[in-house]
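Me: Please take me through the contacts and helix packing here. I want each label set against its cut-off.

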Amino acid sequence: MKASAGGYARANDLSHAMELLASSDGSGRVLAGGQSLIAAMNMRLSTGDMLVDISRLSELSGVTEEADTLRIGALTKHVEIGADPLIRAHAPLLAEAVTCIAHAAIRNRGTIGGALAHADPAAEFPACMLALDAIIHIQGSNGERSVAAEDFFEDLFETSLEEDEILTAITVPKAEAGERQVLQEIARRSGDYALVGLCLVARSTGHWVSLLSVGSTPVLAHNAMTLLDQGDVDGAVVALRAEIDPPSDTQASAGYRRHIAGILLRRAVAQAKGEIA
Amino acid sequence: MTRIFADQIDVELTVNGEPVEARVPVGQHVIDFLRQNLGLTGAHASCEHGVCGACTIRVDGSSVRGCLMLAAQLDGADVWTIEGLSDSDSIRDLQEAFIARNALQCGFCTPGMLVAAEELLAQGGVPERTAIREHLSGNYCRCTGYEAIVDAVETVARQRAGQVQSGKVRA
Ligand SMILES: Cc1cc2nc3c(=O)[nH]c(=O)nc-3n(C[C@H](O)[C@H](O)[C@H](O)COP(=O)(O)OP(=O)(O)OC[C@H]3O[C@@H](n4cnc5c(N)ncnc54)[C@H](O)[C@@H]3O)c2cc1C
Ligand code: FES
Ligand code: FES
């Protein structure tokens with residue numbers, strides 16, 4: 001099948017992109033890396049969009065160091081996140097996630113902002129945002145706003161982004177000394193979306209556990225987090241399996257996903273303690 | 001609707017080192033543009049949703065899925081396809097290794113496979129076989145069973161690193 005688009009315009013800068021979105025009468029669609037959107041257009045899952053191509057807005061790309069946080073531009077590509085020294089030093093979870101995302105050619109164009117706005121519950125970056133307690137920065141026609149990651153993902157492929165808004169950046173807290181960030185997932189083949197994935201961040205203030213591919217959004221496993229804070233790994237595994245409600249589909253049954261989630265938590269804890277690589 | 005959004009876009013780019021100017025429909029992806037407008041039929045359109053890798057080409061120095069980029073986005077781009085890479089002799093050693101190792105049968109996957117493999121080889125060194133497999137994991141081959149492809153890529157990595165003289169890998 002061939003893609004159908006209503007029209008195309010390339011934005012020169014953020015304010016131009018905002019103008020273009022505003023003039024599209026509600027059918028505007030931001031085009032970033034295109035690695036989800038153009039696939040959907042080719043399959044005619046998305047038709048008639050007025051494409052606002054933001055892929056060349058250099059102001060939305062790159063990683064910068066702030067006092068206690070890193071600011072990651074929405075257009076920073078997966079391949080750039082994987083190689084960025086600031087990310088590797090201060091948010092290693094994201095570099096780890098990149099190795100699990102798709103294949104080199106897709107990582108060369110896909111952007112972190114696109115992955116978050118797309119909000120696929122099987123994607124790695126959305127779950128990482130929850131585990132890192134990230135803040136998402138959004139530009140709208142009425143100015144800027146910021147949303148906590150947990151409030152950003154609303155449903156399957158649905159976020160708190162309005163039609164006339166653009167995700168501009170993410171801020172993540174810098175890892176403290178001794179903090180561990182771990183990603184564990186099971187996928188059938190390299191580059192496939194995971195059947196289940198789990199992020200664990202162990203900070204002095206507590207444990208953060210998020211999961212991907214276990215529901216319509218990425219989720220934080222609050223009960224498991226509380227039990228990990230108390231040092232009760234066995235209890236956390238039981239609590240985790242009880243608090244998620246994964247789907248059954250052609251890839252895996254709900255029971256299998258629940259089982260795997262517990263195993264991934266044990267592996268993540270062992271990896272965070274340095275017991276396994 | 002509004003005229004700010006065009007349904008045809010003018011692009012100026014270079015393809016295989018040659019300047020190209022074209023007016024393209026906005027829904028057209030890069031592979032259809034290369035094949036239908038420029039007659040460059042080396043890169044293939046197969047799944048058209050990013051899964052198979054048959055459309056892998058080089059844009060601005062990086063491998064990309066030609067089916068997941070719009071021709072309208074090509075303004076100013078530097079595009080290389082298998083035709084240009086062949087004519088410039090820049091991957092001659094890799095192509096010869098593919099032939100020597102029987103790393104292609106029907107050849108459908110080969111243009112994309114070569115672009116993906118060259119991107120790994122260009123990073124230098126001699127990658128482990130698992131790293132070669134990982135890098136090529138987004139390029140499907142329905143004929144060879146991959147083993148011969150990995151052999152060919154490994155051979156060239158060793159040749160380029162000066163570890164072997166001919167196409168033969170030391171046992
Ligand atoms: C074969 C294949 C395998 C893949 N495997 C994985 C995988 O294993 N894990 C994974 O996480 N991902 C995977 N992906 C998806 C990939 O990571 C995409 O890059 C990502 O989902 C979308 O990013 P993009 O920049 O390409 O966005 P686009 O495709 O350009 O856009 C996606 C959506 O987000 C919107 N959007 C994009 N940027 C913004 C913004 N700044 N503000 C507002 N809205 C915006 C668009 O309007 C669109 O609706 C895979 C993709 C393919 C084709
Ligand atoms: S045709 Fe592009 S990946 Fe299959
Ligand atoms: S040689 Fe036939 S698909 Fe690879």
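**Ligand site and helix packing**

Reply: A polar side-chain atom of Tyr193(A) lies 2.9 Å from a nitrogen atom of ligand 1. This is a predicted model, in which local features need pLDDT of at least 70, side-chain atom pairs count only at pLDDT 80 or more, and totals for chains, interfaces and linings use all residues. Residues are numbered from 1 along each chain as written, chains are lettered from A and ligands numbered from 1 in written order, and side-chain values use heavy atoms, without hydrogens and water.

Me: What makes the side chain of Arg189(A) a polar contact partner of Asp192(A)?

Reply: The distance between the two side chains is 3.0 Å. A polar contact is a pair of N or O atoms within 3.5 Å; within protein, one must be able to donate a hydrogen and the other to accept it, and residues adjacent in sequence count only if both atoms are side-chain atoms. Arg189(A) sits in the loop between β11 (180–186) and β12 (196–203) of chain A. Strands here are DSSP runs of E, at least two residues; helices are runs of H or I, at least four.

Me: Which other polar atoms of chain A lie by an oxygen atom of ligand 1?

Reply: A polar side-chain atom of Arg29(A) is 3.0 Å from a ligand 1 oxygen. For a polar backbone atom of Gly191(A), the distance to an oxygen atom of ligand 1 is 3.5 Å.

Me: Why is the site of ligand 1 called shared between chains?

Reply: Residues from chains A and B surround ligand 1, so the site is shared. There are 34 residues around ligand 1 (a heavy atom within 4 Å). Val30(A), Gln35(A), Leu37(A), Thr111(A) and Glu124(A) come nearest.

Me: Why is α10(A) called roughly antiparallel to α11(A)?

Reply: Helices α10 (residues 222–229) and α11 (residues 233–243) of chain A pack at about 175°, with axes 8 Å apart. That makes α10(A) roughly antiparallel to α11(A). The classes are: under 35 degrees roughly parallel, over 145 roughly antiparallel, 65 to 115 roughly perpendicular, the rest oblique. Axes are lines fitted to C-alpha atoms over the stretch in contact, and angles run from 0 to 180 degrees between N-to-C directions. By class, the contact has 7 nonpolar, 3 polar and 1 charged residues.

Me: What makes α3(B) and α6(B) oblique?

Reply: Helix α3 (residues 92–100) and helix α6 (residues 147–160) of chain B pack at about 140°, with axes 9 Å apart. The two helices are therefore oblique to each other. Among the residues of α3(B) that meet α6(B) are Leu94(B) and Phe98(B). Contact means heavy atoms within 4.5 Å.

Me: How do α4(B) and α6(B) cross?

Reply: The axes of α4 (residues 110–121) of chain B and α6(B) come within 11 Å and cross at roughly 35°. Met113(B), Ala117(B), Glu118(B) and Leu121(B) are the α4(B) residues that meet α6(B). By class, this contact has 7 nonpolar, no polar and 2 charged residues.

Conventions
Ala, Val, Leu, Ile, Met, Phe, Trp, Tyr, Cys and Pro count as nonpolar, Asp, Glu, Lys and Arg as charged, and the others, Gly among them, as polar.
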